[in-house]
Structure formats: structure tokens, C-alpha cells
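Please keep the view open while you read and look up each place in turn.

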Amino acid sequence: MKATLTENQPGGLARARARRVLPGFGLTLGVTLGYLGLLVLLPLAALFLKASGMSWEEFTKAATNERALASYRVTFGSALMAAGVNAVMGTWMAWVLVRYRFPGRRLLDALVDFPFALPTAVGGLTLANLFAAKGWLGRWLEPMGLKVAYAPAGIVVALVFIGLPFVVRSLQPVLEDIDREVEEAAATLGAGRLRTFAQVIFPVLLPSILTGFSLALARAIGEYGSVIFIAPKRSEIASQLIWYRLEEYDYAGAMAIAVVMLAASFVLLAGVNMAERWASRFQR
């Protein structure tokens with residue numbers, strides 16, 4: 001009787017349907033929040049709690065010494081460069097995989113996910129051997145003055161390797177959903193290929209490009225396994241320095257660097273997400 005009365009009231013039927021859209025909403029939401037809190041929020045809270053035991057002077061000394069600042073520059077500089085390269089080349093690859101049909105296309109599409117399946121340490125070791133002075137590519141590049149293995153460029157190459165799938169997989173569904181008739185209409189109105197891409201296709205792709213860029217950037221900032229085998233000894237990324245601090249039993253120093261990396265990553269990704277929202281509004 002109550003359910004019938006509620007549905008007969010103005011707006012009651014809409015509210016009743018809204019409640020029935022997701023059965024067990026309270027239970028599923030509780031499980032989701034509990035799972036997220038246990039795996040994400042609790043470790044982050046423990047990190048900040050551990051770092052709060054240090055005085056401000058101790059924290060700034062551990063987090064802003066010359067070696068730590070150098071690791072921040074290498075980490076964020078290499079990550080931004082690698083994410084930028086992936087944003088361009090990932091868009092190119094996604095376009096080829098979606099728009100063209102050619103022999104071996106499915107194999108090439110499967111190879112895009114290879115960095116996901118390959119352990120990062122194995123990937124770093126393979127890249128180091130490939131670009132070494134006597135490697136298949138290094139023997140041709142180093143005589144031209146292009147040193148990759150055990151050089152700063154090697155860090156960027158490793159980060160490009162592990163971040164490329166994020167951009168390609170973010171763009172493929174969007175490219176598949178773009179209506180070809182829109183492009184044909186632009187062509188009938190006299191727009192060339194470059195203008196059609198710039199004014200019709202690119203605005204639709206921009207939010208997905210920014211999404212793939214942010215995912216690749218986040219992955220690159222936290223990378224460790226693939227970098228240690230190809231990076232030069234004098235160029236440390238932040239995750240390497242954290243490991244070295246732990247080996248030295250300097251837990252406070254490791255926590256301080258981890259907190260700085262966490263805060264900087266959060267600010268950086270928040271900025272990218274704001275740009276993605278702006279691009280989505282611009283698209284509408």
C-alpha cells in the first residue's frame with residue numbers, strides 16, 4: 001500500500017525508479033568505500049602519519065637537499081617528456097589501428113599491450129641491451145652521437161615504453177565512435193584534410209588525449225623497475241633515491257621524499273584533470 005501511494009504522488013514514480021536503478025546501492029557503496037579506504041586511503045594516511053613525526057626542519061632538510069632536488073628534476077622532467085612523446089605517437093598509432101586495414105593489424109594491436117604483460121625489469125634490461133654500445137640499435141646510434149643506454153635519454157625511452165599503451169587504449173574507442181559522415185560533410189563544404197582534422201576530429205579527441213597523457217604521466221612518475229637498468233649512475237629518479245634511503249636505514253628521509261612526490265603528483269594530475277574538463281566543455 002505504501003509503495004502504491006508513493007508512486008501515485010507527484011514525482012513518486014520517478015523517485016521509486018531511481019531507487020530501483022541499482023539494487024543494493026547502500027551495500028555496494030559501503031563495500032566500495034571500504035575497499036578503497038583499505039587499499040588506498042589507509043596506506044596514504046600511514047605515510048603522512050609517519051612523516052608527521054618529523055620536525056619541519058628535519059622534513060625540509062631531508063626533502064630539499066641537493067640530491068633530492070636533482071632526483072625531482074630528473075623524475076618529473078623525464079616523465080613529462082615521455083608523456084608528451086606518447087601523446088603524439090600514441091594518437092598516431094591509434095589512428096592507424098582504427099582507420100586502416102592491413103596485414104598484421106591485429107598483431108600490431110596486440111603488441112601495444114605488451115608493456116602491460118612484460119615485467120618492467122625485463123623491459124628495462126631488454127632496452128639497455130638493445131641501446132648499449134654493442135646492441136642492435138646502439139651500435140648505429142652511438143657513432144652518430146646519440147647515446148641512449150646509461151644516459152638521461154635512456155630514462156625517457158624506458159618511460160615511453162611503459163606509458164604508450166595508456167594513450168593508445170584511451171583513444172581507440174573514441175576514434176571508433178567518430179561518425180565518418182561528419183568528415184564527409186566537412187569535405188563537401190570545402191575543408192581540406194588538415195582543416196578537417198584540426199577543426200572536426202581533434203576537438204573530439206582532445207579530452208581522450210589528455211586522459212592518456214595523464215595516465216602515462218602518472219605511470220612514469222612512479223616507475224622504477226625499467227629505469228634502473230638503463231639510467232646513468234649519476235641520474236637518480238625519486239623512486240631510486242627512496243630505495244637507497246631505505247637501504248641506508250634512513251626511513252625518515254625516505255618518507256619525506258615520498259610525501260613530496262605524492263603531493264607533487266597530486267597537484268600535477270589535478271591540473272591535467274582540470275585541463276581535461278576544460279577540453280570537454282570546449283568540445284560541447
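1. Let's begin with helix H12, which gives the most to the lining of the largest pocket, with 5 residues. Bear in mind as you look that this is a predicted model. H12 covers 193-221, and it is joined in the lining by helix H5 (66-99) and helix H11 (180-188), each of these helices supplying at least two residues.

2. Now for the pocket itself. Its volume comes to about 390 Å³. The lining has 16 residues, and those nearest the centre of the pocket are Trp-95, Arg-99, Tyr-100, Phe-197 and Ile-201. What is the make-up of the lining in nonpolar, polar and charged residues? The count is 9 nonpolar, 3 polar and 4 charged.

3. Staying with helix H12, please find Arg-193, which belongs to that helix. Is Arg-193 buried or exposed? Its relative accessible area is 81%, and because exposed means over 50%, Arg-193 counts as exposed.

4. Next, turn to the surface, where a nonpolar patch is formed by Tyr-35, Leu-36, Leu-38, Leu-39, Val-40, Leu-41, Leu-42, Leu-44 and Phe-48. Together these residues have about 880 Å² of accessible area. One of them, Leu-36, sits in helix H3, which spans residues 25-51. With a relative accessible area of 43%, Leu-36 is partly exposed, since that class lies between under 20% for buried and over 50% for exposed.

5. Tyr-150 has a phi near 60°, a positive value in a residue that is not glycine. You will find Tyr-150 in the loop that links helix H9 (138-141) and helix H10 (152-177). Its relative accessibility is 43%, so Tyr-150 is classed as partly exposed.

6. The other tyrosine is Tyr-249, whose phi is also positive, at about 60°, although this residue is not a glycine. Where does Tyr-249 lie? Look in the loop between helix H13 (238-247) and helix H14 (251-283). Tyr-249 has a relative accessible area of 64%, so it counts as exposed.

Methods
Residues are numbered from 1 along each chain as its sequence is written. This is a predicted model: local features need pLDDT of at least 70, side-chain atom pairs count only at pLDDT 80 or more; totals for chains, interfaces and linings use all residues. Side-chain values use heavy atoms; hydrogens and water are left out. Patches are made of residues with over 30% relative accessible area and no salt bridge: like charges are joined within 9 Å, nonpolar side chains (Val, Leu, Ile, Met, Phe, Trp, Tyr) within 5 Å. Accessible areas come from the Shrake-Rupley method with a 1.4 Å probe; for residues, only the protein chains shown count as cover. A salt bridge is a side-chain nitrogen of Lys or Arg within 4 Å of a carboxyl oxygen of Asp or Glu. Helices (H or I, at least four residues) and strands (E, at least two) are DSSP runs, numbered from the N terminus. Buried means under 20% relative accessible area, exposed over 50%, partly exposed in between (1.4 Å probe, protein chains only). On a 1 Å grid over the protein atoms alone, a cavity is a set of points where a 1.4 Å probe fits but cannot get out, and a pocket is an open set with protein on both sides within 12 Å along at least five of seven lines; lining residues have an atom within 4 Å of a point. Grid points are joined across faces, edges and corners, and a volume is the space filled by probe spheres set on the points. Ala, Val, Leu, Ile, Met, Phe, Trp, Tyr, Cys and Pro count as nonpolar, Asp, Glu, Lys and Arg as charged, and the others, Gly among them, as polar.
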